[in-house]
Amino acid sequence: MLTLDPNIPDPDGFYDDLLKAHEGLNEAESMALNARLILVLANQIGDRDILRAALAAARQ
Amino acid sequence: MVAERYKTAFTLYPYEKVSAQDAAPVRHPVVIVGGGPVGLALALDLGQKGTPALVLDDHEGAGLGSKAICFAKRTLDIAHRLGAGVPMVDKGVVWNVGRVFHGERQLFEFDLLPEDGHRNPAFINLQQPYFEQYLVQAIRAAQAEGAPIEIRGRNSAVGIDVHEDYATLDVETPDGPYQIEADYLIACDGARSPIRTMMGLDFDGRVFEDNFLIADVRMKADFPTERWFWFEPPFKDSGQSALLHKQPDDVWRIDFQLGWDIDRDAEMQEDRIRRRVDAMLSSQTGTVPEYELVWTSIYTFQCRRMKEFRHGPVFFAGDSAHQVSPFGARGANSGVQDADNLAWKLDAVLKGRAPKSLLDSYHTERAYGADENILNSSRATDFMTPKNTVSRLFRDAVLGLAKQHSFARPLVNSGRLSVPCVYDGFPHFGPDALDGPYATRPGAACPDAPLGSEYMLDRLGSDFSILALGGDAPHHDRINVVHIRDPEPTVRRRFLGDHTRAIYLIRPDQHIVARWPDFDASAVEAALLKTLGQ
Ligand SMILES: Cc1cc2nc3c(=O)[nH]c(=O)nc-3n(C[C@H](O)[C@H](O)[C@H](O)COP(=O)(O)OP(=O)(O)OC[C@H]3O[C@@H](n4cnc5c(N)ncnc54)[C@H](O)[C@@H]3O)c2cc1C
């Protein structure tokens with residue numbers, strides 16, 4: 001089951017990490033990082049039903 | 001006159017005048033137009049069952065040049081059933097190690113670590129002319145045993161008249177034209193199918209805007225038997241991707257994906273081809289081995305299929321019915337499965353064992369197989385040639401991660417090996433009354449397994465069989481019963497799972513029809529009637 005309720009401890013800290021990961025990158029490099037990140041996280045989830053639900057939620 | 005459209009590698013069925021050329025049209029149960037891999041496999045299968053098959057081909061043997069080289073296990077299993085598999089595997093090259101490069105870097109290497117307990121390897125590399133030659137040799141051997149197969153070389157199909165329950169074919173030969181009638185006419189006449197064109201049938205699909213340069217080179221040098229694949233090869237003007245792999249006779253197949261806007265004549269110039277090949281062959285060692293260019297050509301490809309594979313008495317099989325990109329080697333492999341699917345159905349109908357409506361399942365089943373192949377090869381193409389910014393972004397992300405992280409490697413797609421489709425939920429299959437292994441569910445092609453010094457698929461043969469595992473041997477008055485009282489671990493794993501016994505009903509093309517925990521004669525009879533369409 002895809003959770004769309006809050007699930008990240010210290011949300012501000014995570015958000016900060018996310019932006020920091022992009023520091024110093026140009027737009028193309030940032031896009032590439034995002035793509036790699038999506039793949040890494042998708043692999044962590046693994047479950048095709050959850051991934052499908054996540055794609056649908058993001059697409060809304 | 002019969003025009004020579006291409007050069008042949010071997011002469012296999014030289015033209016000989018037959019008396020039918022001077023007589024009124026003779027009716028044949030099955031006429032096959034085209035003696036490529038598909039037409040030959042079909043004729044051999046029919047003939048071995050005792051159903052007469054006449055093959056017409058407008059040449060006298062296998063075409064010279066670069067066509068299929070990669071033949072998958074399912075094809076080899078079918079060829080083995082037909083008595084042609086052993087020379088293929090003996091001659092073919094088996095490789096297990098592959099390397100994937102992106103630009104200058106090697107991303108990873110893999111070892112296919114073949115699963116044991118199968119007679120045949122996952123695939124072999126073998127030039128298509130050999131594949132056809134071994135089929136013809138098996139046909140000659142079957143003919144010697146009395147199989148009613150005839151091949152007429154330099155017999156070109158030039159006209160067709162389709163009636164409700166037969167077709168009349170106009171045939172051109174070096175001695176002039178004649179006519180043949182066929183209860184069933186099978187068009188195995190390749191991608192440009194003259195039969196399809198003469199019948200005015202559509203053939204829609206997706207044309208991929210790309211050109212591939214193929215160079216087959218002969219090298220005596222010690223060069224590893226591995227498959228090397230480059231995304232964005234670093235050698236000058238080598239396009240989007242490049243592939244190198246080994247064939248028999250010290251020949252290596254090299255493919256360069258050149259893109260759409262190219263000057264074909266310029267690209268075909270020998271010095272230009274040699275520059276690319278030099279760069280590729282020296283990329284890992286720095287030195288160019290000595291080699292000879294055996295064959296070069298440029299091709300484009302399409303993914304498409306006919307809407308209907310059957311039109312009354314006319315059937316389309318192989319490239320005439322469907323075409324895919326070569327990535328994943330699905331052309332000849334899927335075409336041989338068409339032949340495998342159609343042969344026993346034609347035989348059963350012609351012998352009055354099944355109603356004519358059984359033949360409709362040829363289209364339903366094989367069009368599904370074609371769609372799966374088209375899907376797979378389109379996916380490979382989309383990975384290799386990303387068609388927009390986002391697809392390139394993810395493609396490059398996958399390649400970027402694959403060097404360091406194994407999780408990304410299964411996403412790298414340079415063509416997926418052809419495996420047979422499973423007819424899940426199709427009308428002529430079932431029931432699945434055994435809670436058994438997933439891979440052997442009804443609809444699947446029966447996997448091989450060792451039986452002492454023999455193999456399962458050999459025991460099943462070319463007719464319906466009941467496979468009885470464990471328990472007592474059931475008796476059936478018409479069907480071959482293969483009883484394995486004490487299945488070894490591989491057989492258990494593939495067919496039984498947690499059970500100690502099971503009954504499988506298997507079709508002549510070795511697809512599993514149904515399975516049960518125990519033998520119940522009336523259940524088997526019902527499944528048999530269902531699979532025969534009665
Ligand atoms: C570069 C390349 C690489 C490939 N690699 C692979 C691979 O690795 N694995 C794989 O499985 N597939 C591969 N393929 C595809 C494979 O070659 C074809 O799918 C296969 O040849 C199809 O067999 P077929 O019998 O349907 O047709 P064909 O092999 O085309 O045979 C048709 C026959 O019909 C004859 N014919 C045509 N018109 C007439 C007529 N009017 N009268 C009488 N006879 C006629 C022709 O002369 C020919 O002999 C590759 C193709 C290409 C181009």
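B:C70 is buried, with a relative accessible area of 13%; buried means under 20%, exposed over 50% and partly exposed in between, using a 1.4 Å probe and protein chains only. The model is predicted, so local features need pLDDT of at least 70 and side-chain atom pairs pLDDT 80 or more, while totals for chains, interfaces and linings use all residues. Residues are numbered from 1 along each chain as its sequence is written, chains are lettered from A in the order in which they are written, and side-chain values use heavy atoms, without hydrogens and water.

Stay with the cysteines. The closest cysteine sulfur to that of B:C70 lies in B:C303, 17 Å away, too far for a bond. B:C303 is buried too, at 3%. Its sulfur is 16 Å from the closest one, in B:C421, again too far. Over all chains the count of disulfides is zero, where a disulfide is a pair of cysteine sulfur atoms within 2.5 Å.

Now turn to B:D210. It sits in strand β13 of chain B, residues 204–219; strands are DSSP runs of E, at least two residues, numbered from the N terminus. B:D210 is buried but has no salt bridge, meaning a side-chain nitrogen of Lys or Arg within 4 Å of a carboxyl oxygen of Asp or Glu. B:R392, the nearest side chain of opposite charge, is 9.5 Å away.

What does the side chain of B:D210 reach at 2.8 Å? The backbone nitrogen of B:G259. At 2.7 Å, the B:D210 side chain also makes a polar contact with the side chain of B:Q257.

Definitions and conventions. Helix = DSSP H or I, 4+ residues; strand = E, 2+ residues; numbered from the N terminus. Lys, Arg positive; Asp, Glu negative; His and termini not counted. Polar contact = N/O pair within 3.5 Å; in protein donor to acceptor, adjacent residues only side chain to side chain.
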